[in-house]
Amino acid sequence: MKINGIDHVVITVSDLAAAMNFYHEVFSLPIINGQMNNGVVTLQCGQQLVRLQKANRPTTLKAVNPTIGAADLCLTTDDLLDDLFQHFRHCQVKVIAGPVEKKGSQGLMTSLYVHDLDDNLIEISVYHQ
């Protein structure tokens, strides 16, 4: 077997509507309207998807113990760090760490860290040119 990449990630949240608005407004992720069913909200994130679910979603196709606030993921952008700081301030989202220099899958990057509404850790990274 050879894995080619990641298609989507699922984040467990306490309030689907609030989380959908947060990810759409703060991170500009478009909402995929045709994929909002069975207690799941789907957002486009580049070539991948971010799906939001509640822990009590009625399906067996989920983690054994889906936990609110346990996600830790990294999103990338081409925006300038100063613009990111201003955007987060405008959205009233506190930057909890950064800028931090790191090495990602495509090389050196600089990251800022924020929490979503459920305290999931979201890293926003800009790759060095």
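Reader: Which helix holds histidine 24?

Author: Histidine 24 sits in helix α1. Keep in mind that this is a predicted model.

Reader: Why is histidine 24 called partly exposed?

Author: Its relative accessibility is 29%. A residue is buried under 20% and exposed over 50%, with partly exposed in between. The value of 29% falls between those limits, so histidine 24 counts as partly exposed.

Reader: How do you know that the length of α1 is close to what is expected?

Author: Helix α1 covers residues 16-27, which is 12 residues. From first C-alpha to last it reaches 16 Å, and the expected span at 1.5 Å a residue is also 16 Å.

Reader: What caps the N-terminal end of α1, and what comes after the helix?

Author: The cap is aspartate 15, with a side-chain oxygen 3.1 Å from the backbone nitrogen of alanine 17. After the helix comes serine 28, whose phi is positive, near 60°.

Reader: Which residues of α1 are buried?

Author: They are Leu16, Ala19, Met20, Phe22, Tyr23, Val26 and Phe27.

Reader: What makes you say that these buried residues line one face of α1?

Author: Look down the helix axis: the buried residues fall within an arc of 165°, so they line one face.

Reader: Which element gives the largest share of the largest nonpolar core?

Author: The largest nonpolar core has 26 residues, and among them Ile11, Tyr23, Phe27, Leu52, Phe88 and Ile122 touch the most other members. At least two residues each come from several elements, including β1, α2 and β7. Helix α1 gives the largest share, 7 residues. In soluble globular proteins, nonpolar side chains tend to be buried together.

Reader: What does isoleucine 122 touch?

Author: Not counting residues up to four places away in sequence, isoleucine 122 touches Tyr23, Phe27, Leu73, Leu75, Leu112, Tyr113, Val114 and Asp116.

Reader: Why is glutamine 53 called buried?

Author: Glutamine 53, in strand β3, has a relative accessibility of 4%. Buried means under 20%, so glutamine 53 qualifies.

Reader: How do you know that the side chains of glutamine 53 and threonine 12 make a polar contact?

Author: They are joined at 3.1 Å, and the limit is 3.5 Å, so the pair counts. Setting aside neighbours within four places in sequence, glutamine 53 is in contact with residues including Val10, Leu16, Gly39 and Pro66.

Reader: How many disulfides does the structure hold?

Author: It holds 0 disulfides.

Reader: What makes both cysteine 74 and cysteine 91 partly exposed?

Author: Cysteine 74 has a relative accessibility of 35%, and cysteine 91 has a relative accessible area of 25%.

Reader: Why is leucine 61 called exposed?

Author: Leucine 61 is in the loop between β3 and β4. Its relative accessible area is 73%, which means that it passes the 50% cut-off for exposed.

Reader: What makes the phi of glutamine 92 and of aspartate 119 worth a look?

Author: Each has a positive phi without being a glycine: near 60° for glutamine 92 and about 70° for aspartate 119. Glutamine 92 is in the loop between α2 and β5, and aspartate 119 is in the loop between β6 and β7. Glutamine 92 has a relative accessible area of 74% and aspartate 119 has 52%. Exposed means over 50%, so both count as exposed.

Key: Residues are numbered from 1 along each chain as its sequence is written. This is a predicted model: local features need pLDDT of at least 70, side-chain atom pairs count only at pLDDT 80 or more; totals for chains, interfaces and linings use all residues. Side-chain values use heavy atoms; hydrogens and water are left out. Helices (H or I, at least four residues) and strands (E, at least two) are DSSP runs, numbered from the N terminus. The expected span of a helix is 1.5 Å times one less than its number of residues. Buried means under 20% relative accessible area, exposed over 50%, partly exposed in between (1.4 Å probe, protein chains only). The arc is that of the directions from the helix axis to the C-beta atoms. A polar contact is a pair of N or O atoms within 3.5 Å; within protein, one must be able to donate a hydrogen and the other to accept it, and residues adjacent in sequence count only if both atoms are side-chain atoms. A disulfide is a pair of cysteine sulfur atoms within 2.5 Å. A nonpolar core is a set of buried Ala, Val, Leu, Ile, Met, Phe, Trp, Tyr and Cys residues joined through side-chain atoms within 4.5 Å. Contact means heavy atoms within 4.5 Å.
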